[in-house]
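Here is a short briefing on a single protein chain. Keep the sequence and the 3D view open while you read.

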Amino acid sequence: MLPGYEFELCLTHDVDRPYKRLQAPYYALKDRDPSHLSALAPGVNPWWQFEEIMELEESLGVRSAFYFLQEESIFQKSPDDWLTPRYWIEHLGRYDLFDTAILDVLHDLDDGGWEVGLHGSYDSYDDPEALRDQKTALEAALGHRVRGGRQHHLNRADSTWEHHRDIGLEYDATLGSSSEYGFDHGYGVKRPFDDDFVVFPLTMMDIAVPDPGDDFEAAWEACEDLLDEAAENDAVMTVLWHPRMFADEFPGHRRLYRRLIESAIERGAWVGPPGELADRIGTASKSRTGTASVHGR
């Protein structure tokens, strides 16, 4: 284990939709709730939660990783793809890494000690050139290289990690599920090439546990069970909380996230972003099977 710690908790945020634009009328119709339309008012953007997350984590003395997405325009795809609703959803939710507000928050995060990483676009898991272009763009916006990240929608092919390694990423955090939580991929990190490239399996996504707005205690019980299991097995536990889930329209998530971190610290966990843990792991704990534990087990 890392000296002085019982287990490791990695905190990550996929920046899918920092703006609630066309999603406002969509959710107004879907939920039959016109209050969503308030997000269309000038100066209102409930899904912009960067400062709130930074303040929360700062108050607990921890940092996390934010993975930024540069989704491709649908007009860059084949006209045949224009008939695919999923591509329109991704297209209409796009944001520009070089918008002033995004640039400002990128540098605020970086200057404050948070990790900024790559959130590979919907189809880039099997498109190394697209991945390389997106990494180059993010690094140009940030001003230095990025270490790792996660693929959008957890999309992954057998070749994805090879693409990541080839473009210079040091780790990936895609392996996991959006609907199930747990240590299905083991308690340690993985080294698929038996080299320095590291995979952090995703233990829990925010939407995989019971909705804390409906039943907070059920959601907390799921988190507490994971923390107990992590502590019992000297595990690396990686969680994903989307920034928009900290908005008031998703009640309970902010409280659950804070309680998760507080409880991990109380249990003696190291808490931080995957890039920092990758540094601490180094190259000392490789196993014969390609699966490594920071605890050398």
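Thr238 touches Cys10, Thr12, Arg150, Phe200, Pro201, Leu202, Thr203 and Met204, leaving out residues up to four places away in sequence. Contact here means heavy atoms within 4.5 Å. The model is predicted: local features need pLDDT of at least 70, side-chain atom pairs count only at pLDDT 80 or more, and totals for chains, interfaces and linings use all residues. Residues are numbered from 1 along each chain as its sequence is written, and side-chain values use heavy atoms, with hydrogens and water left out.

- Thr238 sits in strand β9 (residues 236-240). Helices (H or I, at least four residues) and strands (E, at least two) are DSSP runs, numbered from the N terminus.
- Thr238 is buried, with a relative accessible area of 0%. Buried means under 20% relative accessible area, exposed over 50%, and partly exposed in between (1.4 Å probe, protein chains only).
- Met204, one of the residues that Thr238 touches, lies in strand β8 (residues 204-205). Met204 is buried too, at 0% relative accessible area.
- Beyond residues up to four places away in sequence, Met204 touches Tyr181, Val209, Cys223, Leu226, Thr238, Val239, Leu240, Trp241 and Leu260.
- Met204 and Trp241 are 37 residues apart along the chain, and their C-alpha atoms are separated by 8.8 Å.
- Arg150, also touched by Thr238, belongs to strand β4. Arg150 counts as buried, at 1% relative accessibility.
- Setting aside neighbours within four places in sequence, Arg150 is in contact with Thr12, Asp14, Tyr67, Leu118, His119, Gly120, Asp172, Ala173, Thr174, Leu202, Thr238 and Leu240.

**Aromatic rings**

- Rings of Phe, Tyr and Trp (its six-membered ring) pair if their centres lie within 6.5 Å; planes under 30 degrees apart count as stacked, over 60 as edge-to-face and the rest as tilted. By this rule there are 9 aromatic pairs.
- Tyr19 and Trp48 form a tilted pair, 5.6 Å centre to centre with 40 degrees between the planes.
- This pair links distant parts of the chain, 29 residues apart. Tyr19 is in the loop between β1 (8-15) and α1 (23-30), and Trp48 is in the loop between α1 and α2 (50-60).
- Both Tyr19 and Trp48 are buried.
- Why is the pair of Phe183 and Tyr187 tilted? The ring centres are 5.1 Å apart and the planes stand at 45 degrees, so Phe183 and Tyr187 make a tilted pair.
- Phe183 is buried at 11% relative accessible area, whereas Tyr187 is partly exposed at 31%.
- Ring pairs join Tyr19, Trp48, Phe50, Phe66 and Phe68 into a cluster.

**Charges over rings**

- A charge sits over a ring if NZ of Lys or CZ of Arg is within 6 Å of the ring centre and within 35 degrees of the ring normal.
- Arg63 lies over the face of Trp114, 4.0 Å from the ring centre.
- Arg255 lies over the face of Phe216, 3.7 Å from the ring centre.

**Helix packing**

- α2 and α8 (residues 253-266) pack at about 25 degrees, with axes 11 Å apart. Axes are lines fitted to C-alpha atoms, for helices over the stretch in contact, and angles run from 0 to 180 degrees between N-to-C directions.
- That angle makes α2 roughly parallel to α8. Angles under 35 degrees count as roughly parallel, over 145 as roughly antiparallel, 65 to 115 as roughly perpendicular and the rest as oblique.
- The α2 and α8 contact is made by Glu52, Leu56, Glu57, Ser59 and Leu60 of α2 and Arg254, Tyr257, Arg258, Ile261, Glu262 and Ile265 of α8.
- The axes of α7 and α8 come within 10 Å and cross at roughly 30 degrees, so α7 is roughly parallel to α8.
- Residues in the α7 and α8 contact include Phe216, Trp220 and Cys223 of α7 and Arg255, Leu256 and Leu260 of α8.

**Positive phi**

- Leu154 is not a glycine, yet has a positive phi of about 60 degrees. Leu154 lies in the loop between β4 (148-151) and α6 (160-166) and is buried at 14% relative accessibility.
- Asp234 has a positive phi near 50 degrees. Asp234 lies in the loop between α7 (216-232) and β9 and is buried at 6% relative accessibility.
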